[in-house]
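Below is a short briefing on one protein chain. It covers the overall fold, then the strand pairings, then a single residue.

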Amino acid sequence: MAMKKYCLWAIAFGLLTVASCKDRKPANGDIITTDYVVPTPSDTPVAMDRQSDRVEVEWIEGRTYTIVVNRVPADSLPMVADEIGQKYKDNLVRVKVMRADSTLFFNRTFTKSAFASWLDADYQENAILEGMRFLKVESDELVLTAWLNHPESGDDEAAELRVIINKNGEVAIQRYNENDRDDLEMMEREEE
């Protein structure tokens, strides 16, 4: 009987404690609540908009080249999911470099797998190729920047890499450096 009475008192005390913490008013009059709504993912995968950039540059022997970079959401690539299970389509990026006479000098499609050796396991599995962009001409090379990121996380966490195309059409990928960051920030300011 004493045990039953003790259990009833413990339950009553617990209920009063929970009830008193539900909505309480501090001295300033604000109401503090503990309700939290968990977002639910949409059944439809999220896809970034198609994007196309075109720029003309002077390159090999002072000739004019046109660089076209197209980002396209890809149904053919594996999707990535965020922490709540929302699915996102990955992107592929097509880079074309054309000579002044419109003949094709370079044509390649990049996906996240092209950068796999530069990414840790988390980025290989959970990031998408957000895009690529022409950055600058550096001696005999065209330098583009590529960034991969977790969907909806913003640029602060992005894995940024240099994509270098030499005058023979060969591609090299390197880590991003501070000089490139300064050049990219200057280009973004000029566009605004």
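A residue counts as buried when its relative accessible area is under 20%, as exposed when that area is over 50%, and as partly exposed in between, with a 1.4 Å probe and protein chains only. By that rule, buried residues account for 34% of the 192 residues in the protein chain. The model is predicted: local features need pLDDT of at least 70, side-chain atom pairs count only at pLDDT 80 or more, and totals for chains, interfaces and linings use all residues. Residues are numbered from 1 along each chain as its sequence is written, and side-chain values use heavy atoms, with hydrogens and water left out.

**Overall fold**

- Along the sequence, the elements follow the pattern α-β-β-β-β-β-β-α-β-β-β-β-α.
- Of the contacts (heavy atoms within 4.5 Å) between residues at least 6 apart in sequence, 44% join residues at least 24 apart.
- The protein chain exposes about 12,800 Å², of which carbon and sulfur atoms supply 51%; accessible areas come from the Shrake-Rupley method with a 1.4 Å probe, and for residues only the protein chains shown count as cover.

**The four-stranded sheet**

- Strands S1, S2, S5 and S6 form an open sheet in the order S1-S2-S5-S6, with antiparallel pairing; two strands pair if DSSP finds at least two bridges between them.
- Strand S1 (51–58) and strand S6 (104–110) are the edge strands, each pairing on one side only.
- On average, neighbouring strands of this sheet are turned by 10° against each other, direction ignored; axes are lines fitted to C-alpha atoms, for helices over the stretch in contact, and angles run from 0 to 180 degrees between N-to-C directions.
- S1 and strand S2 (residues 64–73) run antiparallel and are joined by eight bridges.
- Within this pair, glutamine 51 stands opposite arginine 71 in S2.

- Strand S9 (residues 159–166) pairs with strand S10 (residues 171–175) in the antiparallel sense over five bridges.
- Leucine 161 stands opposite arginine 175 in S10.
- Four residues lie between the strands of this hairpin, and glycine 169 takes a positive phi near 85°.

**Phenylalanine 134**

- Phenylalanine 134 lies in strand S7 (residues 128–138).
- Its relative accessible area is 11%, so phenylalanine 134 is buried.
- Phenylalanine 134 and alanine 146 are twelve residues apart in sequence, and their C-alpha atoms are 9.0 Å apart in space.

Key. Helices (H or I, at least four residues) and strands (E, at least two) are DSSP runs, numbered from the N terminus.
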